[in-house]
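Here's a quick briefing to read with the model open beside you. Have a look at the fold first, then come back for the details.

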Amino acid sequence: MRSSRRRFITGITALSAGLTACRGVSPAPSNTTLGLDRAPEPPPWEPDGMLDLEAFAWGVQVGDVTSDSALLSVQTTEPTIDLAIVRQRDETWVEVGARTGLEVTDGFVQVTLDQLDPDTAYQFVARTPDGARRSHTGRLRTALGPDRIRRIVFGATSCLGDEAPDFENLAWAAKLDLDFFLLLGDTVYAHATTLEEYRADWRQVLATDSVRDLCASTSLIATWDDHEVANNWILGETVGPDQLLAATTAFREAIPQRQGPSGGLWRSIRWGDVIEVVVLDSRGERIPPDQIVSEEQLDWAIETLQQSTATFKLLLCSVHLADHTELWGAVEADDRWQGFPEQRSRLVEALEGVEGVVVLTGDMHYGSVHHLAPPGQPGAGIWEIAVGPSGSTLNLLAELALAREQYPMMLAEHSCCVFTADPLSRTLVVDFIGDDGSVLASQILTV
Ligand SMILES: [Fe+2]
């Protein structure tokens, strides 16, 4: 592992890894010549119609892209819209289809685009039926097909919050035309009980310039933490089934997502033989004091990771899987896997036998690269990366933490992460991007 601190986004690894189509950012010279970079994309598509920031104030969202399909969500005040879709072909965009007369229900249109080509850029726009007014232009990149590899550059964050509500670090990520972006939870801090109140909380976040630009620039893969429903909620104690249904509905409307094998949030998304994203739901099935996830979810996660042939197996988990006894003792341990030792041991011991696992988390309001356990304990060889917070209250204790072998890097600044996953060298570069576009810290991990 190598690390460095503070350089500027023009030198970001993602750019030096070949993302030369970025808008308004000059790429640094490539220092990697493995021939595995993504093919360049044409300059941004310029569709007809006038951008209408009232009718389409909340932008466009794409979720859970696979090698041949994508889920789209558009919120609008219009009763009916059309969708125009273009695909990259060499240096230009060509029209590949349109959806017309899409009826808007409760302010939403959600559609599935299918029969897409793998590892290909698409752009799309929602328009009024007369073509006069339109939404922001959305972009997505389909996943690699089976058995395909190349370097993949993706982003991640958690905890948008209200301490720095412009989320400026996300605006920098939006310039990179990433392959995809991961949301680790607390994307909204809802103060709601009804569906309309949850929708209003989501609309406020989605209409923020940086979030709107990020959602227009790439697809999302999301899980939730507690604040998409309520602070530290427990079903049947602080939240009833009607409120949970309202929160879940608003979450899935805002960030389109596939249902997992149980119909719930936990699911997996493949990017060829390079990355498998295994999404956990560490909140919705929690039953204290012993269960942080259902046995069904735990068994599924272990089996999925063990059977995956991807070089990088990303385990998305809103709360930390690490044992933080050396750093935080048992403080708030019941809000992370440490407080559920039996299930944690089963998962960590299973992961020990799987190559290429990296755990991505949010929740604790500091950025960090650390091991799942101190030296000599199960999980000591597995990396966990805490991403964000993009805007919520910083946990300044992270700056005071004494250096320990388990914790090579901690950061108490608003940030998001950009990752470069190189399947040939099996390296994962992690850049923490600050509100001014600088790389606050960088780590190179080998899996
Ligand atoms: Fe949070």
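Which residue in the hairpin of β5 and β6 takes a positive phi? That's aspartate 90, with a phi near 55 degrees, in a hairpin that has 2 residues between the strands.

Keep in mind that this is a predicted model, where local features need pLDDT of at least 70, side-chain atom pairs count only at pLDDT 80 or more, and totals for chains, interfaces and linings use all residues. Residues are numbered from 1 along each chain as its sequence is written.

**Strands around β5**
- Strands here are DSSP runs of E, at least two residues, numbered from the N terminus, and two of them pair if DSSP finds at least two bridges between them.
- β5 (residues 80–89) runs antiparallel to β6 (residues 92–103), with 9 bridges joining them.
- β5 also pairs with β8 (residues 121–127), again antiparallel, over 6 bridges.
- Leucine 83 sits opposite arginine 99 in β6 and opposite alanine 126 in β8.

- Leaving out residues up to four places away in sequence, alanine 173 touches Gly155, Leu178, Phe181, Leu214, Cys416, Val418 and Ile433; contact means C-beta atoms, placed from the backbone, within 7 Å.

**Isoleucine 221**
- Isoleucine 221 belongs to strand β13 (residues 220–222).
- Isoleucine 221 counts as buried because 24 other C-beta atoms lie within 10 Å, and the cut-off is 20 or more.
- Its C-alpha is 8.7 Å from that of proline 256, 35 residues apart in sequence.

Notes
Two residues are in contact if their C-beta atoms, placed from the backbone, lie within 7 Å. Helices (H or I, at least four residues) and strands (E, at least two) are DSSP runs, numbered from the N terminus. A residue is buried if 20 or more other C-beta atoms lie within 10 Å of its own, exposed if 12 or fewer, and partly exposed in between; C-beta atoms are placed from the backbone.
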